[in-house]
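Welcome to this guided look at a two-part topic: how chains fold and how they meet. Please take a moment with the view below before reading on.

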Amino acid sequence: MAMLPALPLMAWVAVFILVPMGTMAVFSLWRYHDFDLTPVWNLGNYRAVLTQPVYARVMGRTLEIAALVTLGCIALAYPFAYFLARRTQRWQGLFLVLVMVPFWTSFLVRTYAWMSILASNGVINSVLRRVGVVDQPVQLLYTVTAVVIAAIYLYLPFAVLSIYTSLEKLGTSLEEAAMDLGAGPWTTFRRVTFPLSLAGVQAAVIFVFVPTLGLFVTPALLGGANATMIGNLQVTIFKNSLDFALGSAVSFVVLVVALVAVTLFGRSVDLERVYAGGVGQLTSHRSGPGRGRVGSLGVYAGLIYVFLFLPVAFLILFSFSSAAGGVFPPPGYTLQWYGEALDDPWLMTSVWNSFTIAVFSAVLAVVITAPGAYAIVRYRFPGRGLVRQALIVPLIIPSIMLGFGLMLLFKAAGIDLSLATILVGHTTYVLPYAFFVIAAQQYGFDRTLEEAAMDLGANRLRTFRSVTLPLMIPGLAAAGIFAFTLSLDEFIITFLLTSTTQTLPLYVWGMLRTIVSPTVNAVATLIVLASFALLGAMFLVQTLVRRRAPGSAGG
Amino acid sequence: MAQPDLPTATGSSRAGHVPDLQLREVTKRFSEVVALDQVSLDIERGEFVTLLGPSGCGKTTTLRIVAGFEAQTAGAVSIRGERVDGVPPYRRNVNTVFQSYALFPHLSVFDNVAFGLRVKALPGAEVRRTVGQALDQVRLGGFDRRRPHQLSGGQQQRVALARALVNQPAILLLDEPLGALDLKLRKEMQLELKRVHREVGITFIYVTHDQEEALTMSDRIAVMDAGRVVQLGSPREIYEQPHTTFVANFVGVSNLVPGDIRDRTARSAIIELAGGWRLAKALQRPPSAGQKVLVAVRPEKVRVASPERGLHGRLEDFVYLGSRVTLVVRLTGDRLLHVEDSATQLGNGAGRIGEAVSVEWDEADCLVFDAARGERIE
């Protein structure tokens, strides 16, 4: 009986997360021969993955890139996060939002931005040649370095947020105690602050390393043939050769690597709180006496902000440039690219599709997860633990795996790819995020309010209607908005599950793959502007909702 | 320790009347832990009864069982003569003022107070009238539109009170409602609650760990310890005639001095206290010679004696409390004894720490307890 509200969630998780993973596991042990998948149990696929030079090389390169990106992110993020946590008091909220703002613009756009910067006629080369350092353009694009730089750029906010959160939670009292006992600033950092912030560093490792394993777009756009990563290989297998057995085996090898990383580094991470905390951070309001010592740390932070915003700034600049490519400085200015962009009916269709899909997935995700979270937090019933574990899975594996799993599911069930399959993919993708935001709010919910309602004569249904539900609304809204923005920017799952439907990320990808016309810059800029508008709207909604019901749990 | 015999109401039971609340052998177990152990209690209509005890004694559990948020493991609960086992909270004629007030943050003060009335679907005009009266009664008239977060702690508490009372329950339960308030406000609210109780006339069951609060407000106090009611009586009875050393210690400060029975007659005993002082105490049932006892005496009943009499010791500390002064004396045999009196009587103790001092008290002012079982010897 208590289980009833959680049934839709359990059903969805079972069908669209557990079954696909299980199917992939099974397929990885079967044989694929002559375009046919036969249930002959064998380890041949795994043997191929682990021994054949192609796979070994690509896998090795992927691990290398992931390691470099992780180290780079953490090295860059730590001082920056320290600055945010310890040097900014009054405007801390604003600083945090500024870090997240580039993150909220489309990741395709952000990856593409580096193309203009690193291209032969791009920003760096233009400047180097103009200044006279080199005569010929330096090969920056289509290298492993390009992929590493772009990936660091993409995932830096994750690392910053994780480390910042743990430093923030730490508070200053322990550091003050150390200094009181005679430890200087460096010793205090070395022996007190850093060891205690390791939880955040470990979380950062997971949030950077795992997604990097599944990178597809970045190596495809920036890496060329020299920097193929395992994700590219997998897409080739799944989409072109259709050898689902091999593809599944490759996926599982990557999954194992991801799980090893999570096990090693994930012990101190409470994923449920982190995602809820991540969303909450954006809108929490910090005030206090200003402690703004700028110093060298502040200069460093400034550089990081420049690093975060400059690529997008260039993008916007080039959208007005009369030259193709990233010639810097632009020879002239024009609005022609905008004209071309807005003339394209495909663009409008894809925007409309993205929007509709996002609304649908967000609403569906919230409708499924809200009663599920309500029941899971309050009651005990069989399957409760399993559902929660299963919901963590999509968060700790590269999202490309979800895509492969669903591809397999639809293939095995004989369902053709369509808009419906995209919807299922998006909903499944955003489901865990929605769940953990709502569940976190439920954990913090003041139960005595429900007891008070019952004490005053309201039965369970009336209590839910008059007290629980109104107070849940902020959390539901936050979850819905979060899901909406995630869906808008989703590329890889859509890429794998679409037949003819075009979403905005797919449209941009198409533009980038066919002919790199400067129109892309205009489209990209429009997307950036739309993201800002969306972010502002989200902020506004959160503030308004919070003002209506202040003090409500988890708000 | 056997459950002591509990008197029902002060005065003889009237034939045919029904207590507002009746607990019979109520037991509550939470897996291994026994929170309530066969608690029996009668509370009469219109009484203000306080459940008093330290954390974990079961007082809040009792309240929650009466409200319907917990079900007892064994025993019977009756409200106005009717058994309420299994009746959910929303069908009991009982309302609670929660420790955290539990005001609905998304509703105004008016909507909070009106909540119970609206559940009963009362007509709008009546709701407005009743809520207005209730707010006036707690002196928050005009606060209708405010939200809980805009109110001070004391104001929130009064809204919680109005919200509960407006439903005219048979019994009002209050779970440490004044805990979050500062001292001055708490004292004001204590008097406020007493006034409301007088005006409204219904049964109040109050839970607190603050013994002074219990003494101030209650008609009767049920002192609880480890899931049992240890003593039930008026504040005066509890303070002046505690049944056990626990009660003597919990309510007010008690000095407990160990002693041995040296001799006895039919109606008295000679007690030799550590330190050599012999005290002749009148007792109904004097214990036999050799038995170990604890003599309890309140600090305000102890006085400084001339050096050759009473108990001997050294002045260890001197506490100045403004209106009163406490001497802390270390007796021979290492016990500490508190002596309390007005500042004028005991004078300025500065400079006298370490000096030898003797104390004594009248035999009528002390109580004798069995040392092993903590029960009072009459």
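The pLDDT is the predictor's confidence in each residue, from 0 to 100. Chain B averages a pLDDT of 88, and 94% of its residues score at least 70. Over residues 1-15 of chain B, however, the pLDDT is below 50, and this stretch has 11 contacts in the model beyond near neighbours in sequence. Two residues are in contact here if their C-beta atoms, placed from the backbone, lie within 7 Å. The model scores ipTM 0.79 and pTM 0.77.

This is a predicted model, in which local features need pLDDT of at least 70 and side-chain atom pairs count only at pLDDT 80 or more, while totals for chains, interfaces and linings use all residues. Residues are numbered from 1 along each chain as its sequence is written, and chains are lettered from A and ligands numbered from 1 in the order in which they are written.

**Chain A and its domains**

The domain assignment, which is automatic or taken from a database, gives chain A a domain 1 (1-27 + 346-555) and a domain 2 (43-300). The C-alpha centres of these two domains of chain A lie 23 Å apart. Their contact takes 38 residues from domain 1 of chain A and 35 residues from domain 2 of chain A. Among the elements that give two or more residues to the domain 1 side are α1 (7-27), α19 (419-443) and α24 (519-548) of chain A. Helices are DSSP runs of H or I with at least four residues, and strands are runs of E with at least two, numbered from the N terminus. With eight residues, α24(A) gives the most to the side of domain 1 that touches domain 2. By class, that side has 32 nonpolar, four polar and two charged residues. Ala, Val, Leu, Ile, Met, Phe, Trp, Tyr, Cys and Pro count as nonpolar, Asp, Glu, Lys and Arg as charged, and the others, Gly among them, as polar.

Which helix does α4 (residues 92-104) of chain A cross at roughly 35°? The partner is α14 (residues 295-319) of chain A, and the two axes come within 10 Å. Axes are lines fitted to C-alpha atoms, for helices over the stretch in contact, and angles run from 0 to 180 degrees between N-to-C directions. On the α4(A) side, A:Leu98, A:Val99 and A:Pro102 meet A:Tyr305, A:Leu308, A:Phe309 and A:Val312 of α14(A). The residues of this contact divide into seven nonpolar, no polar and no charged.

**Where the chains touch**

Between the chains, 18 residues of chain A are in contact with 20 residues of chain B. The largest share of the chain A side, six residues, comes from α20(A). That side divides into 10 nonpolar, five polar and three charged residues.

**Strands of chain B**

An open sheet of four strands has the order β2-β1-β4-β5 in chain B, with antiparallel pairing. Strands β2 (33-43) and β5 (82-83) of chain B stand at the edges with a single partner strand each, so one side of each is left without a neighbour in the sheet. Two strands pair if DSSP finds at least two bridges between them.

| Strand pair | Bridges | Residues standing opposite |
|---|---|---|
| β4(B) and β5(B) | two bridges | B:Ile79 and B:Glu82 |
| β11(B) and β14(B) | six bridges | B:Leu256 and B:Ala296 |
| β11(B) and β12(B) | five bridges | B:Asp263 and B:Ile270 |

A hairpin also joins β11(B) to β12(B), through three residues.
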